[in-house]
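This report describes one protein model for a reader who has its sequence and coordinates at hand.

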Amino acid sequence: MAASIEPELLTRGYGLVEGPVWDPARGLLFSDVLGGGVFCLDADGEVSVLFEHRKGIGGMALHEDGGLVVSGRNVSFKPFDGGPTRLLLDRNPDAGNVGYNDLTTDGAGRIYVGSLGNSPVFEDARAPAAGDLYLIDLDGSVKKVAEDVRLTNGLGFSPDGRTLYHSDSLRRTVFCYEVADDGSLGEKKSFHTHEQGVPDGLAVAEDGSVWVALAGGGHGVDVVEPDGRLRQHVAIPDPMCTSVCFGGEDLRDLYIVSGSDDAPSDRHGAIYRYHTEVAGLAVSTARVSIAD
């Protein structure tokens with residue numbers, strides 16, 4: 001059970017909030033897919049701009065070298081000190097890869113990121129097409145670890161690191177894979193299919209529960225037990241719930257972010273905070289090589 005009664009609205013005014021990441025040194029980092037930019041919400045409730053302009057960032061992770069790994073038209077490292085952006089994984093539109101969405105890291109600091117066969121938010125004349133799941137290893141090498149993801153979204157690991165959860169929004173299902181020591185994945189299995197809304201971003205708690213943001217009219221977050229049963233639903237007023245992450249000093253603050261679909265304006269995206277009794281799992285810092 002959760003400790004708070006309902007989520008607290010912290011800020012509003014964005015097109016499509018995505019990629020929430022908890023940074024203990026700064027606060028909550030997040031992107032605006034449609035408006036562009038990466039922002040920081042600090043402990044005093046003030047929002048500042050970390051990176052300007054870049055649109056389409058659906059996933060982010062802290063990197064040990066002092067910056068963020070961000071998705072979008074490619075996967076890149078952007079340093080906090082304003083240094084040059086480093087490309088980690090490019091797209092290939094001719095091969096049906098128009099960019100990347102959510103990403104996460106494993107305990108070693110490797111990166112898992114899903115590709116897009118067509119853009120779900122920007123104007124795209126392509127027919128809907130499936131994407132794949134890629135692993136960026138510590139040495140910077142890349143391999144495909146899963147295929148046939150109709151719309152890639154949230155990614156997260158179980159507490160023991162042996163299971164990877166992955167939202168496929170168009171299939172309305174969070175799938176799971178067994179993870180080998182080298183980062184490769186076993187058979188894709190259904191973990192939970194959502195009846196209301198579609199699964200988007202997700203986060204995992206210390207007790208193994210999976211907290212899944214529900215877009216497409218889902219109005220909040222489904223909390224799913226490790227065995228796949230629904231535990232509870234955390235409601236927000238906004239229909240388009242896009243992602244979640246745990247934060248705060250004890251990782252018991254669940255940050256819930258939203259977009260503007262079916263909202264009163266196109267700048268209705270918001271951030272909510274919901275205090276929980278169970279702590280979230282800390283997401284490992286990325287350690288992949290950023291050398292040229």
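## Fold and basis of the model

The protein has zero helices and 24 strands; helices (H or I, at least four residues) and strands (E, at least two) are DSSP runs, numbered from the N terminus. This is a predicted model, in which local features need pLDDT of at least 70 and side-chain atom pairs count only at pLDDT 80 or more, while totals for chains, interfaces and linings use all residues. Residues are numbered from 1 along each chain as its sequence is written, and side-chain values use heavy atoms, with hydrogens and water left out.

## Dimensions and contacts

Along the principal axes, the C-alpha trace spans about 45 × 40 × 40 Å.

Among contacts in the protein with a separation of 6 or more, 45% join residues 24 or more positions apart; contact means heavy atoms within 4.5 Å.

## Surface and charge

Of the 292 residues, 57% count as buried. Buried means under 20% relative accessible area, exposed over 50%, and partly exposed in between (1.4 Å probe, protein chains only). The accessible surface comes to about 12400 Å², and 46% of this surface belongs to carbon and sulfur atoms. Areas come from the Shrake-Rupley method with a 1.4 Å probe; for residues, only the protein chains shown count as cover.

There are 24 positive and 45 negative side chains, with the centres of the two sets 4 Å apart. Lys and Arg count as positive and Asp and Glu as negative, while His and the chain ends are not counted. Each charge is placed at NZ of Lys, CZ of Arg, CG of Asp or CD of Glu.

## Nonpolar cores

A nonpolar core is a set of buried Ala, Val, Leu, Ile, Met, Phe, Trp, Tyr and Cys residues joined through side-chain atoms within 4.5 Å. The largest has 17 residues, and those with the most contacts inside it are Trp211, Val221, Val234, Val244, Leu254 and Ile256. Two or more residues of this core come from each of strands S19 (210-215), S20 (220-224), S22 (241-247), S23 (253-258) and S24 (269-275).

Beyond neighbours within four places in sequence, isoleucine 256 has contacts that include Pro7, Val221, Val234, Val244 and Tyr272. A second, separate core of 15 residues includes Ala61, Val75, Phe77 and Leu89.

Phenylalanine 80 lies in the loop between strand S8 (75-79) and strand S9 (86-89). It counts as partly exposed because its relative accessibility is 24%. Not counting residues up to four places away in sequence, phenylalanine 80 touches residues including Asp23, Arg26, Leu50, Phe51 and Leu68.

Glycine 109 is in the loop between strand S10 (99-105) and strand S11 (111-116), and is buried, with a relative accessible area of 0%. With residues up to four places away left out, glycine 109 touches Leu138, Thr285, Ala286, Arg287 and Val288.

Aspartate 148, in strand S13 (residues 142-149), has a positive phi near 60° in a residue other than glycine. With 40% relative accessibility, aspartate 148 counts as partly exposed.

Leucine 251 is not a glycine but has a positive phi of about 55°. Leucine 251 sits in the loop between S22 and S23 and is buried, with a relative accessible area of 17%.
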